[in-house]
Amino acid sequence: MSPESYVILAAVLFTIGTVGVLVRRNAIVVFMSIELMLNAANLAFVAFARMQGNLEGQVIAFFVMVVAAAEVVVGLAIIVAIYRSRRSASIDEPNLLKY
Amino acid sequence: MNPDVMVAPEIDYLALLPMIIVGVAAVLGVIVETFVGRGARRPVQLVLVFGSLAGAFAALVWQSSTRSLEVEGALAIDGPGILLMGLVLIVAFVGAMLMAERQLDPAGDSFAPRASALPGSVDERELTKRGYLQTEVWPLFLFAVVGMMLFITSTNLLVMFVALEVMSLPLYLLAGMARRRRLLSQEAALKYFILGAFSSAFFLFGAALVYGFSGSVEFSAIADALAAKPGETALIVIGLAMLVVGLLFKVGAVPFHQWVPDVYQGSPAPVTAFMAAAVKVAAFGAMLRLLYVAFGGLRWDWEPLLWVVAGLTMIVGSIVAIAQTDIKRMIAYSSIAQAGFILIGVSTATAEGLWASIFYLVAYSFTTLGIFAVISMVRDSGGEATRIEQWSGLGRTNPVIATCFAIFMLALAGIPLTSGFIAKFVVFEAALAVDAVALVIVGVIASVIAAFFYVRIIVVMFFRDPIEGAPRVAVPSGFTTLALSISVAVTVILGILPQPVLDLIERAGVFLR
């Protein structure tokens, strides 16, 4: 398979992630969709690194993994705190702030 | 890159000293949390925070003649970078004073005694009764400041992405830690986090596309690749658009502004003050550098886009603010409108536009700090009294505080003799220099619309009788008093004598390429 196919796959995964964030209601699933978007970017970086013939893209992928892990820590902490006080992880239910 | 020869990068630690000081202090803050007894933590943390911010500022002034690319070209310590870092440090210093305040709320400071305790639970009441104060906010705060300084100086999309996250992650947590109205605060944190992570994913994918085009994420290499391959622009234009979406989200520009009112309203007022002022400075600094240094060659593609976004941001922000009944929400929409005015400066793609944007950021950030200082002082039994009708008659019961707030309102409206007037003036001047007449007209119309709700607050404060159960203005300690005095002083002095600051900004020159 040529590297171009991986770039297209990355774009498809990114789109799936975006749609997931927009339509899903459960905060955990929304969060997983965001992780999917980050990993789609990683795949694109690695595929482009292959096409460009340098290592930068692969190195960047490692950095992104670390950042994504840090994001999981913060995100899950917030979601767990909300779940404990509301007994629900739906992102539609916290609706005290509006207009 | 030859894998056989690994050369250690040369790093000029002196030029990076300001960032290193704040970063080390942040790490020390985490260690203090672990090893210092509960009673001594707060004083130790405060010494660390104020000491490191002051030390970093001193180091910045000492190194202020540096104009070089550092760490193999990953960071640019140049004129605008140093200026904006200095602004972030001052804003952080004043913001830290607001966060350190603990006389306004009878129970302690503005943060929950323990963020993990259930709101309203027995646990939490017990902790409050014992007078526990959260000190973990201080390392988080310092990490956010480091992220901002990196964000402003990064000349590399990878460093910029990491800095974006280092800046944002602590802020998501800080937004959810309010002592009062925790449910609102947690909701703000969730919304800020989900939408923030969503936008940074866009930023990252944009970076990947740009890398695919240019084979490097360094700004200079991107600019060279643009010059070398003028025809093939599909990949890079989409990449640029996604990068800009990520940054426009951070500054709260329409149509990426939905999180702003919720987060500003739900977060504790001191955090909102710091976030509203410093994040705007950092994100606009990064946006200016990205567009001017890396994508100067694509100017004809991004200028029209920014014109539309700037116009929409000013108009939508101003119109929706009119309908608000909560003062924090109104200020949030007004800050959206203000972002539109700064975007005018950004969209000019000239040195004058860069300087005008920086001046606007200086004026806006101090006004915002002052506004939230006042909001944190006007309280009723449930915490901050933020419904606008509760503010009726404040000018009669507390003329000093109401006058301060009126000055800030006039500054945001852009009335002469305040910093806001000069800021709008220089931005419009820069736009007229590149013949963006339509944008200036939209800006003036938006200012007129906006003046309505700013003046309405003044009318409510000075010409209405106080309502039943009106909020009282809590007597603050020296922290808030000093922060408020600095904000008022800067707002007025920049309005009367702006020239020294304008000269300073012009002397800083343009971004290093």
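Two residues are taken to be in contact if their C-beta atoms, placed from the backbone, lie within 7 Å. In this predicted model, A:Ala41 touches A:Phe14 and A:Val64 of chain A, together with B:Ala201, B:Leu204, B:Phe205 and B:Ala208 of chain B, when residues up to four places away in sequence are not counted. A:Ala41 also belongs to the largest nonpolar core, a set of 238 residues. Along with B:Val88 and B:Phe205, A:Ala41 is listed among the residues with the most contacts inside that core. The largest share of the core comes from helix H11 of chain B, residues 269-294, which gives 21 residues. In soluble globular proteins, nonpolar side chains tend to be buried together.

Chain A contains 3 helices and 0 strands, and its pattern along the sequence is α-α-α. The radius of gyration of chain A is 17 Å, whereas the globule rule gives 13 Å for 99 residues; chain A is therefore more spread out than a compact globule. The C-alpha trace of chain A spans about 50 × 25 × 25 Å along its principal axes. Of the 99 residues in chain A, 36% are buried. Where contacts in chain A join residues at least 6 apart in sequence, 47% of them join residues at least 24 apart.

The two chains meet through 36 residues of chain A and 35 residues of chain B. On the side of chain B that touches chain A, the elements giving two or more residues are helix H6 (157-175), helix H7 (182-214) and helix H10 (259-266). H7(B) provides the largest share of this side, 17 residues. By residue class, the side of chain B that touches chain A divides into 24 nonpolar, 8 polar and 3 charged residues.

Within chain B, a helix pair was examined. Two packed helices are described by the angle between their axes and the distance between the axes. Helix H13 (residues 327-347) and helix H14 (residues 351-377) of chain B pack at an angle of about 170 degrees, and their axes are 9 Å apart. Angles over 145 degrees count as roughly antiparallel, and H13(B) and H14(B) are therefore roughly antiparallel to each other. The residues that meet include B:Ile331, B:Phe341 and B:Ile342 in H13(B), and B:Tyr360, B:Leu361 and B:Ile371 in H14(B). The contact of H13(B) with H14(B) comprises 11 nonpolar, 6 polar and 1 charged residues.

The peptide bond from B:Val254 to B:Pro255 is cis, with omega near 5 degrees. B:Pro255 is placed in the loop between helix H9 (234-251) and H10 of chain B. B:Glu72 has a phi near 55 degrees, which is a positive value in a residue other than glycine. B:Glu72 lies in the loop between strand S1 (68-70) and strand S2 (75-77) of chain B. With 12 other C-beta atoms within 10 Å, B:Glu72 is exposed, because a residue with 12 or fewer such atoms falls in that class. B:Leu417 likewise has a positive phi in a residue other than glycine, near 75 degrees. B:Leu417 is found in the loop between helix H16 (399-413) and helix H17 (419-433) of chain B. B:Leu417 has 14 other C-beta atoms within 10 Å and is partly exposed.

Conventions:
Residues are numbered from 1 along each chain as its sequence is written. Chains are lettered from A and ligands numbered from 1 in the order in which they are written. This is a predicted model: local features need pLDDT of at least 70, side-chain atom pairs count only at pLDDT 80 or more; totals for chains, interfaces and linings use all residues. Helices (H or I, at least four residues) and strands (E, at least two) are DSSP runs, numbered from the N terminus. The radius of gyration is taken over C-alpha atoms; the globule rule is 2.2 Å times the number of residues to the power 0.38. A residue is buried if 20 or more other C-beta atoms lie within 10 Å of its own, exposed if 12 or fewer, and partly exposed in between; C-beta atoms are placed from the backbone. Axes are lines fitted to C-alpha atoms, for helices over the stretch in contact, and angles run from 0 to 180 degrees between N-to-C directions. Angles under 35 degrees count as roughly parallel, over 145 as roughly antiparallel, 65 to 115 as roughly perpendicular and the rest as oblique. Ala, Val, Leu, Ile, Met, Phe, Trp, Tyr, Cys and Pro count as nonpolar, Asp, Glu, Lys and Arg as charged, and the others, Gly among them, as polar. A nonpolar core is a set of buried Ala, Val, Leu, Ile, Met, Phe, Trp, Tyr and Cys residues joined through C-beta atoms within 7 Å.
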